[in-house]
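Me: I have a structure open and would like to go through it with you. Can we start with the terms and then look at the parts?

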Amino acid sequence: MTDDAQTEAGGRPGKPSRVARPTGAGRRGGAAGAEAGSTTGGVVAGEHVRIYEVGPRDGLQNEARPIATDDKRRFIELLVDAGLREIEATSFVSPRAVPQLSDADELLSSLPRRPGVRYPVLVPNVRGLERAEAAGVDGIAVFTAATDEFTRHNIGMTVDESLEAFAPVLQRAATLGWWRRGYVSTAFGCPYTGAVVPERAVRVGLRLLDLGVDEVCFGDTIGVAVPSGVRDLLARAFESGIPVQRLALHLHDTRGTALANVVAGLEAGVRCFDASTGGTGGCPYAPGAAGNLATEDLVYLLDGLGMQHGVDLRGVLAAARFIGERLGRPLSSKVGQAGGWDPETGRATG
Ligand code: HMG
Ligand code: MG
């Protein structure tokens, strides 16, 4: 992977890959794309992995207990202090649909701007885009799904209708020079219709790329995926021309398979994973959705594998403790409970 390729996908320029990967551009362009059929990236110590933090958005959107805007801002500051550089801060959606994030305008306007830190926000329509523009965002994520049934519940549209609604949003965002992501939820399974074949998710991903997103993120919205399913989806995505540099995974940990799925993603060459500090999260319109992969669990895994990510585990644990206290409940993450581990002393840390 070249630095240019990482930058294009929205990542910080990182170390060039030490894995020699084929350089055939995928049909959606991008720099060194995974060649059709190429799924081998491997887990290579020293390679850079982007951790895309979704705690303030996905993590808080489904919480019953209201969180003060000042506490959300403090949470985000702690995440920045921990080294996170892409933090999905909130959503510019209907306040009736997601009351917990109805302070998006105030929150976004007041976030500390630091070089190299991006705060993407969820935007479902032109109204959301206008609010985001007024609040001074620098990146957006539009969100659809592999299944009509889920998008109808989530945003009141079919998949086709959602893509039509996103076209002017993404066009305007491109004109403004914003980074753009497109989510494909229910990429592995839908709470309303069951199993989803990879072709269905990939088709939607390709259409998002055609609409101009920088990155497609496949979501295991209700946490039903296992590694073989991740491998299948990625193989199909690469065969269809989606460059690995423009692909991310968003894995809910509802059934404890998220880390195993990350390893499957890493082995296939994926270098961007979403995670939520404290392991919070879930979509209000996806019955059965539970927490995301916890950022602290992901950091521990990547540290152990010797991969570079720029995030400090102790800092993430401090942020996790902070939000756990504000939510008034213990956090679900393994590393949040056990701490890190110092191989020199054999003791837990953090
Ligand atoms: P609707 O009711 O069909 O739309 O909602 P509408 O156009 O009829 O508007 C209804 C009202 O909402 C109107 O207000 C609009 O002005 C207002 P009224 O005239 O009745 O007072 N409105 C807005 N207000 C503020 N900001 C806006 C906005 N748009 C309309 N942007 C809509 C359609 C899409 C707006 C609604 O369904 C919605 O906001 N849904 C958001 C659902 C959501 O946020 N879900 C969670 C995020 S997705 C997720 O978690 C999955 C993910 O994590 C990946 C994964 O896990 O797989 C990303
Ligand atoms: Mg989610």
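Reply: First a term: two residues are in contact if their C-beta atoms, placed from the backbone, lie within 7 Å. On that basis, residues 24 or more positions apart account for 74% of the contacts in the chain with a separation of 6 or more.

Me: What kind of model is it, and how are things numbered?

Reply: This is a predicted model, where local features need pLDDT of at least 70 and side-chain atom pairs count only at pLDDT 80 or more, while totals for chains, interfaces and linings use all residues. Residues are numbered from 1 along each chain as its sequence is written, and chains are lettered from A and ligands numbered from 1 in the order in which they are written.

Me: How many helices and strands does the chain have?

Reply: The chain has 13 helices and 13 strands. Helices (H or I, at least four residues) and strands (E, at least two) are DSSP runs, numbered from the N terminus.

Me: And what percentage of the residues count as buried?

Reply: Of the 350 residues, 53% count as buried. A residue is buried if 20 or more other C-beta atoms lie within 10 Å of its own, exposed if 12 or fewer, and partly exposed in between, with C-beta atoms placed from the backbone.

Me: Ok, the ligand. Which residues are closest to ligand 1?

Reply: V93, G128, G156, S185 and G219 are the closest, out of 27 residues that surround ligand 1. A residue is near a molecule or strand if its C-beta atom, placed from the backbone, lies within 6 Å of it.

Me: Which elements give two or more residues to that shell?

Reply: They are α2 (55-61), α5 (126-135), α6 (148-155) and β6 (179-185). The largest share, three residues, comes from α5.

Me: How do the shell residues divide into nonpolar, polar and charged?

Reply: Twelve are nonpolar, twelve polar and three charged. Ala, Val, Leu, Ile, Met, Phe, Trp, Tyr, Cys and Pro count as nonpolar, Asp, Glu, Lys and Arg as charged, and the others, Gly among them, as polar.

Me: Back to α6. Which of its residues are buried?

Reply: F150, T151, N154 and I155 are buried in α6. They cover an arc of only 95° around the axis, so they are on the same side of α6. The arc is that of the directions from the helix axis to the C-beta atoms.

Me: Why would residues a few places apart point the same way?

Reply: An α-helix has 3.6 residues a turn, so residues three or four places apart point the same way.

Me: What covers the buried residues of α6?

Reply: The cover includes β5 (139-145), α7 (159-175), β6 and β7 (189-190). Just after α6, G156 takes a positive phi of about 70°.

Me: What does V159 touch?

Reply: V159 is in helix α7. Not counting residues up to four places away in sequence, V159 touches T144, A145, D148, T151 and V204. The C-alpha atoms of V159 and D148 are separated by 5.3 Å, although the two residues are eleven apart along the chain. V159 is buried, with 22 other C-beta atoms within 10 Å.

Me: And F143, where is it?

Reply: F143 is in strand β5, and it touches L122, P124, Y183 and S185, leaving out residues up to four places away in sequence. F143 counts as buried because there are 24 C-beta neighbours inside 10 Å.

Me: Where is T186, and what is its phi?

Reply: T186 is in the loop between β6 and β7, and its phi is near 50°, a positive value in a residue other than glycine. Most residues other than glycine have a negative phi. T186 is buried, with 32 other C-beta atoms within 10 Å.

Me: Different topic. How do α11 and α12 cross?

Reply: The axes of α11 (residues 295-305) and α12 (residues 313-327) come within 9 Å and cross at roughly 170°, so the helices are roughly antiparallel to each other. Axes are lines fitted to C-alpha atoms, for helices over the stretch in contact, and angles run from 0 to 180 degrees between N-to-C directions. Angles under 35 degrees count as roughly parallel, over 145 as roughly antiparallel, 65 to 115 as roughly perpendicular and the rest as oblique.

Me: Which residues meet there?

Reply: T295, E296, V299, Y300 and D303 in α11 meet L313, V316, L317 and A320 in α12. The residues of this contact divide into six nonpolar, one polar and two charged.
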